[in-house]
Amino acid sequence: MSECIGIDSLMFNHAVIDEQHRDILYLGAEINRLFSICADRQEVLIAVYKYYDIVLTHFSCESSLIALLDPSKYKHHTDEHIRLHKSMIGFIRDAITDLEDGLSVSEIRDTFPILFNDMMNNIAVNDRELVGILEQEGSLRRGS
Ligand SMILES: [Fe+2]
């Protein structure tokens with residue numbers, strides 16, 4: 001999948017987080033493909049719902065890791081992570097609402113790549129920083 005070239009550079013040697021990131025990146029690339037070929041709206045909607053579910057599960061997992069941080073020491077990182085999560089969830093919800101309200105795939109096809117890029121950037125920058133901080137604080141258990 002060409003959109004996922006470089007995915008190894010987005011892995012942090014954390015079994016759960018890496019698996020969730022991999023699923024998010026591959027499904028995101030698949031949704032981009034569906035948009036690019038203007039696939040059937042119902043097919044796109046099912047994929048976006050699935051994406052929404054796995055992103056929510058992942059963000060919940062990351063929130064439990066963020067909660068391990070001392071808020072007085074890492075307020076900026078914590079606030080930024082939460083802000084980005086809210087923004088991306090809102091973006092996915094808007095796509096679902098647009099499709100459910102009857103907008104065609106071609107009408108919103110230009111918006112999803114923005115979310116996909118935001119997600120990759122979030123993983124590459126904010127999640128990398130989170131894992132680094134957790135390692136530094138001795139709060140990271142790789143397998144869980
Ligand atoms: Fe993440």
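**Figure 1. Secondary-structure elements of the predicted model.** Helices here are DSSP runs of H or I with at least four residues, and strands are runs of E with at least two, both numbered from the N terminus. By this definition the protein, a predicted model, contains five helices and zero strands, so that its elements, read from the N terminus on, follow the order α-α-α-α-α.

**Figure 2. Overall dimensions and packing of the protein.** The C-alpha trace spans about 50 × 30 × 20 Å along its principal axes. Because a compact globule of 144 residues would have a radius of gyration near 15 Å, the 16 Å of the protein agrees with that expectation.

**Figure 3. Crossing of helices H2 and H3.** Helix H2, residues 41–66, and helix H3, residues 75–100, have axes that come within 10 Å and cross at roughly 165°. Since angles over 145 degrees count as roughly antiparallel, H2 and H3 are therefore roughly antiparallel to each other, and their crossing is left-handed.

**Figure 4. Residues in the contact of H2 with H3.** From H2 the contact is made by Arg41, Val44, Leu45, Val48, Tyr49, Tyr51, Tyr52, Val55, Leu56, Phe59 and Ile66, and from H3 by Thr78, His81, His85, Met88, Ile89, Ile92, Ala95, Ile96 and Leu99.

Notes:
Residues are numbered from 1 along each chain as its sequence is written. This is a predicted model: local features need pLDDT of at least 70, side-chain atom pairs count only at pLDDT 80 or more; totals for chains, interfaces and linings use all residues. The radius of gyration is taken over C-alpha atoms; the globule rule is 2.2 Å times the number of residues to the power 0.38. Axes are lines fitted to C-alpha atoms, for helices over the stretch in contact, and angles run from 0 to 180 degrees between N-to-C directions. Angles under 35 degrees count as roughly parallel, over 145 as roughly antiparallel, 65 to 115 as roughly perpendicular and the rest as oblique. A crossing is left-handed if the near helix is turned anticlockwise from the far one by less than a right angle, and right-handed if clockwise. Two residues are in contact if their C-beta atoms, placed from the backbone, lie within 7 Å.
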